[in-house]
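User: I would like to learn how to read a few features of a structure. Please take them one at a time.

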Amino acid sequence: MTLQDTEAAIRLASDLIAESDHLVALVGAGLSAESGIPTFRGAGGLWSKVGEPSMNGYEQFLADPAGWWENQLDPAADPARTEFREAIDSAEPNPAHHALAELERMGVLKATITQNVDDLHNRAGSKRLIEIHGNRTKVRCIGCEGRWSRDEFSYDALPPICPKCGELLKGDTVMFGEPIPPSVIDACYREATLCDCIMVCGTSATVYPAAGFPQIVTSGGGIVIEVNPNPTPLSRIAVVTLRGAAGALLPKLVERLRG
Ligand code: OAD
Ligand code: ZN
């Protein structure tokens, strides 16, 4: 893609966004790549390196919650996980996170649905944020869906128990085999239904239900804009694709929309 192609794509995308009534961003790991957090798939991806995690993680948690917590709290139990956490802990929001927060402040972006668990959208100032795969800095009750900061609890007795309802607490990050918490999935479908323009940034669009939201938007007559250096299964339904790094392209979109 030439510089001229990129500029034309930014012009078209910003015109379409300006005409839209309800812009939603759907975000994946690529948005945090420029903050030094590896993506999951593709070159340099965490799972390309160490393999995919078990597909029945939630079942394993329910079978032995204390054992799950012991493993989580032991940095030596899984060196790849520890490396990933250290990357998250030392990461700062990048220009792409700031651009989304700015679009929200401008009143242009109505909601951000992120698959990322790294807390960087919050730290950049996004408020209308739906963390569909949870947030690594929190724990959540599997009964009442109460959430607390991970640091608020003592882990002397395992597993930790919900102070409100007595059910089990787990990390807020959604595991394979675990249902998306009801309030979160409801909020996602509400946004997907209201949305007439969905900007899909930095996701391979391979994990459902998130990967299905753009289809809901197009079924309702809305459009898809994609921001990704690589093609994805959504590229063919996108009316315009910004091919490149989100940290470079999203600030340009903000600049143009500011006029
Ligand atoms: P993936 O690792 O599957 O995809 C990352 C995407 O980001 C790819 O399409 C890359 O081309 C793109 N990308 C890389 N660098 C980028 C950049 N600088 N700017 C924009 N895009 C860039 O990550 P996800 O799609 O987020 O779930 O994966 C979805 C889910 O898979 C994750 O939330 C995770 C995993 O199961 C849980 O952990 C629950
Ligand atoms: Zn509870």
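User: Which residues in helix 1 meet which residues in helix 11?

Analyst: A note before the answer: this is a predicted model. From helix 1, the residues in contact are Thr-6, Ile-10, Arg-11, Ala-13, Ser-14, Asp-15, Ile-17 and Ala-18. Helix 11 contributes Leu-249, Lys-252, Leu-253, Arg-256 and Leu-257. Sorted by class, the contact of helix 1 with helix 11 has seven nonpolar, two polar and four charged residues.

User: At roughly what angle do the axes of helix 1 and helix 11 cross?

Analyst: Two packed helices are described by the angle between their axes and the distance between the axes. Here helix 1 (residues 3-19) and helix 11 (residues 246-258) have axes that cross at roughly 55° and come within 9 Å. Helix 1 and helix 11 are therefore oblique to each other. Their crossing is right-handed.

User: How is helix 7 placed against helix 11, roughly parallel or roughly antiparallel?

Analyst: The axes of helix 7 (residues 95-105) and helix 11 cross at roughly 25° and come within 7 Å. Angles under 35 degrees count as roughly parallel, so helix 7 is roughly parallel to helix 11. The crossing of helix 7 and helix 11 is left-handed. On the helix 7 side, the contacts include Pro-95, Ala-99 and Leu-103; on the helix 11 side, Leu-250, Val-254 and Leu-257 are among them. By class, this contact of helix 7 with helix 11 has ten nonpolar, one polar and two charged residues.

User: Which residues coordinate the zinc ion (ligand 2)?

Analyst: The SG atoms of Cys-141, Cys-144, Cys-162 and Cys-165 coordinate the zinc ion (ligand 2) at 2.3 Å. The angles subtended by the four donor atoms run from 97 to 120°, which makes the arrangement tetrahedral. Along the sequence, the donor residues follow the spacing C-x2-C-x17-C-x2-C. Cys-144 sits in the loop between strand 4 (138-141) and strand 5 (147-149), and Cys-165 in the loop between strand 5 and strand 6 (169-171), so this pair ties together parts 21 residues apart in sequence.

User: What kind of peptide bond joins Leu-158 and Pro-159, and where is Asp-119 found?

Analyst: Most residues other than glycine have a negative phi, and most peptide bonds are trans. The bond joining Leu-158 and Pro-159 is cis, with omega about -5°; Pro-159 is in the loop between strand 5 and strand 6. A cis peptide bond also joins Tyr-208 and Pro-209, with omega about 10°. Pro-209 lies in the loop between strand 7 (197-201) and helix 10 (213-219). Asp-119 is not a glycine, yet has a positive phi of about 75°. Its place is the loop between strand 2 (109-114) and helix 8 (120-124).

Terms used
Residues numbered from 1 in each chain as written. Chains lettered and ligands numbered in written order. Predicted model: local features only at pLDDT ≥ 70, side-chain atom pairs only at ≥ 80, totals over all residues. Heavy atoms only, no water. Axes fitted to C-alpha atoms, helices over the stretch in contact; angles between N-to-C directions. Helix = DSSP H or I, 4+ residues; strand = E, 2+ residues; numbered from the N terminus. Parallel < 35°, antiparallel > 145°, perpendicular 65-115°, else oblique. Left-handed = near helix turned anticlockwise from the far one by under 90°. Contact = heavy atoms within 4.5 Å. Nonpolar A, V, L, I, M, F, W, Y, C, P; charged D, E, K, R; others polar. Donors = N, O, S within 2.8 Å, 3.2 Å for Na, K, Ca; no water. Tetrahedral: all angles 85-135°; square planar, octahedral: opposite > 155°, others 65-115°.
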